[in-house]
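User: I am new to this structure. Please take a close look at its salt bridges and walk me through them.

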Amino acid sequence: MPTDDGAPAVFLIDDDRDIREALDALLRSVGLRVESFASVEDFTASGRLGEPGCLLLDVRLSGQSGLSFQAELASRGIDVPIIFMSGHADVPMAVRGMKAGAIEFLTKPLRPQDLIDAVNQGLARDVERRRERAERDAIARARATLTQREREVMDLVATGHSNRAIADTLGLSEATVKVHRAHVMQKMGAGSLAHLVTMAQTLKSQR
């Protein structure tokens, strides 16, 4: 089955050529886009870091190890779904990787269905993460168009204040509050009060 060059990719990093080629062929056989590398260094040099997809990463690699790379990504604030592989049933490594946010820790020889399931989970998680980030960015851009007074009104509306309470808090007339509130709804693209509250909560979660 052909792969779509525009689709999210599985970035496979394993220094064993035979394993790398076998896994590459397996994942391509189910229609997945795969980019294979022999080391973390090769992957980072490729410029693929940050592209949509997930990492299928061997724990023990020549050069930088998989766990070390995971820690580096976290320190740089780069969030990418990671699936670890290991030829050794190393429980402490598995625990460390999973605690740091890995999706799965698979022991070689890999069961094909376990691998495919984990990769599909990783790709789905990346799609959702990018969707949520795009939504947060759009809300933030909309809020940036508000005046300072409109932001104050939005914050108070979102926390359940009535027009009268907002007017008293800000020293405005209730009619002026209604005008500001209408501008907020329009600029934010909020179809309802509940929608505006959800937007405000999304923004608050970023702080």
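Analyst: What follows is a tour of the salt bridges, pair by pair. The model is predicted. It holds 19 salt bridges.

Start with aspartate 79 and arginine 129. They form a salt bridge, and their closest N and O atoms are 3.8 Å apart. Aspartate 79 sits in the loop between helix H3 (66-75) and strand E4 (82-86), while arginine 129 belongs to helix H5 (residues 112-144), so this pair ties together parts that are 50 residues apart in sequence. Is arginine 129 buried or exposed? Its relative accessibility is 16%, so arginine 129 counts as buried, the cut-off for buried being under 20%.

Next comes a pair within helix H5. Glutamate 128 and arginine 131 both lie there, 3 residues apart, which is about one turn of the helix. Their side chains meet in a salt bridge, at 2.6 Å from N to O. Both ends are partly exposed: glutamate 128 has 33% relative accessibility, and arginine 131 has a relative accessible area of 42%.

Now take aspartate 114 and arginine 111. This salt bridge has its closest N and O atoms 3.6 Å apart. Aspartate 114 is partly exposed, at 33% relative accessible area. Arginine 111 counts as exposed, at 57% relative accessibility, since exposed means over 50%.

Which residues are linked in a network of salt bridges? They are Arg33, Glu35, Arg48 and Glu51.

How values were computed:
Residues numbered from 1 in each chain as written. Predicted model: local features only at pLDDT ≥ 70, side-chain atom pairs only at ≥ 80, totals over all residues. Heavy atoms only, no water. Salt bridge = Lys/Arg side-chain N within 4 Å of Asp/Glu carboxyl O. Helix = DSSP H or I, 4+ residues; strand = E, 2+ residues; numbered from the N terminus. Buried < 20%, exposed > 50% of the residue type's maximum accessible area, 1.4 Å probe, protein only.
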